[in-house]
Amino acid sequence: MKFPHDFLFGAASASYQIEGAWNEDGKGLTNWDVFSKIPGKTYKGTNGDVAIDHYHRYKEDIKLMAEMGLESYRFSISWARILPTGDGEVNDKGLEFYNNVINECLKYGIVPFVTLYHWDLPITLEEDGGWTNKRTAEAFIKYAEVCFRAFGDRVKHWITFNETVMFCGLGYLKGAHPPGIQNDENKYFQATHYVFYAHAKAVEVYKEMNHYGEIGITHVFLPAFSVDDRHENVVAARHANEYETLWYYDPILKGEYPSYVVEQLKEKGWTPSWTEEELATLKRNAGKNDFIGLNYYQPIRVEKNNETVSSMEHSRETSTLAPGNPSFDGFYRTVKMEDKTYTKWGWEISPQGFIDGLHMLKERYGDIKMYVTENGLGDEDPIIDGEIVDVPRIKYIEEHLKVIKRAIKEGIHLKGYYAWSVIDLLSWLNGYKKQYGFIYVDQQNNLNRKKKLSFHWYKHIIETRGEEL
């Protein structure tokens, strides 16, 4: 079986991780421009001032994507390039850059799939409380509308937010991302609520414009499975899914928060301050989502945590989702299991976990269209005789594409696959320690681009529509 003709084979990136040009052509400062320069926050002090200089090399990069046969390119827009102060004047030079990127994609027949927010927030908004302040949500709605008007004639696939659980969780619980706050549950839940509200309003605005495109959101997909059949561990897995998945997917797709979590937030005094109007906005727009994007790297295996967890100290190293840590509320802990396979960085490789999780989603949300908006392997790629021989990446993606094909056969409504990432890029916290891309970037030699073994492999997969998988 081949993948259906309307299934998009793509790859992804994010503005801060590739563009550089941090202070050029009128771009405003972002939270990451500031945070990454605080000593100790990132590996060896790496930051996105230059990143891989895509801002100046986008033509070269998109030409390589075309050579690979990429059908679609998922990239994000830097809010501060468009609205340097977050909610003030529009910067024409910012519009011009993204118009150029979009037009370059279309020149080669590559479908642009645009993410509006992939973690880089204008610093003016961050300093005013970031996502804990409704001003940021209102500013996002304005920013989204500017983008829809500027690019919507050519961009027909929109993602509002990338991985709310990460920028809120790492921002307000673990402190590893801006604004660097630890263990503040109230701020964490408040921030997530304002993101969901901003999403719902942006969907509403988009639908009113009649652009005949599609809009959705991208979430981490981290399905939780119990380590065994013991009742307390089964309960722990349910708890993990309620907090890590349903809290994020329910308000988008059902327009309401999961009652299990809502009740517990009430007991603990963590309920966000939300208004009837905000909750009604979620409800009113839930049915207008065209798709959900899934960023899947691994499942989690959990057991009930029976040890007392005192106030948790977090660091860059403990914020990576590797197993072995208690949940923020101390209810469960993630476990590394003997009979599972893991990457060098401790992430489980589990295509089966993905297909099991997809069926969980279908059971709860029905036939919603889904895209895999990220999936890939971070590795230290071996270089042999000048060639980048990234066989583990090929194997990883191959195994996941096989289960995606199986899922489609089993009636899961999956319409595209975007590998993370199209090109080697800057990790938010870990610099260039590990690579994800099909295209190698030589940090030692003028950021020269080079095709990896996986580049040629993916090209063949796309050409043959994955028939041999």
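Modeller: Before we start, one point about UniProt: its annotations may be inferred rather than shown by experiment. Keep in mind too that this is a predicted model.

Colleague: Thanks! Where does UniProt place the feature "active site"?

Modeller: The unreviewed UniProt entry puts this feature at Glu374. In the model, glutamate 374 lies in strand β10, which covers residues 369-374.

Colleague: Why is glutamate 374 called buried?

Modeller: Buried means under 20% relative accessible area. Glutamate 374 has 4%, so it counts as buried.

Colleague: And which residues does glutamate 374 touch?

Modeller: Leaving out residues up to four places away in sequence, its contacts include Arg74, His118, Asn162, Glu163, Tyr418 and Trp420. A contact here means heavy atoms within 4.5 Å.

Colleague: What makes helix α8 "mostly covered"?

Modeller: Helix α8 spans residues 164-172, and nine of its nine residues are buried. Among them are Phe167, Cys168 and Tyr172. The cover over these buried residues includes strands β3, β4 and β5 and helices α6, α9 and α10.

Colleague: Now the whole protein. How do you know that its radius of gyration agrees with a compact globule?

Modeller: For 469 residues, a compact globule would have a radius near 23 Å; the protein has 21 Å, so the two agree. Of the 469 residues, 62% count as buried.

Colleague: How many helices and strands does the protein have?

Modeller: There are 15 helices and 15 strands. Among contacts between residues at least 6 apart in sequence, 78% join residues at least 24 apart.

How values were computed: Residues numbered from 1 in each chain as written. Predicted model: local features only at pLDDT ≥ 70, side-chain atom pairs only at ≥ 80, totals over all residues. Heavy atoms only, no water. Buried < 20%, exposed > 50% of the residue type's maximum accessible area, 1.4 Å probe, protein only. Helix = DSSP H or I, 4+ residues; strand = E, 2+ residues; numbered from the N terminus. Rg over C-alpha atoms; globule rule 2.2 N^0.38 Å.
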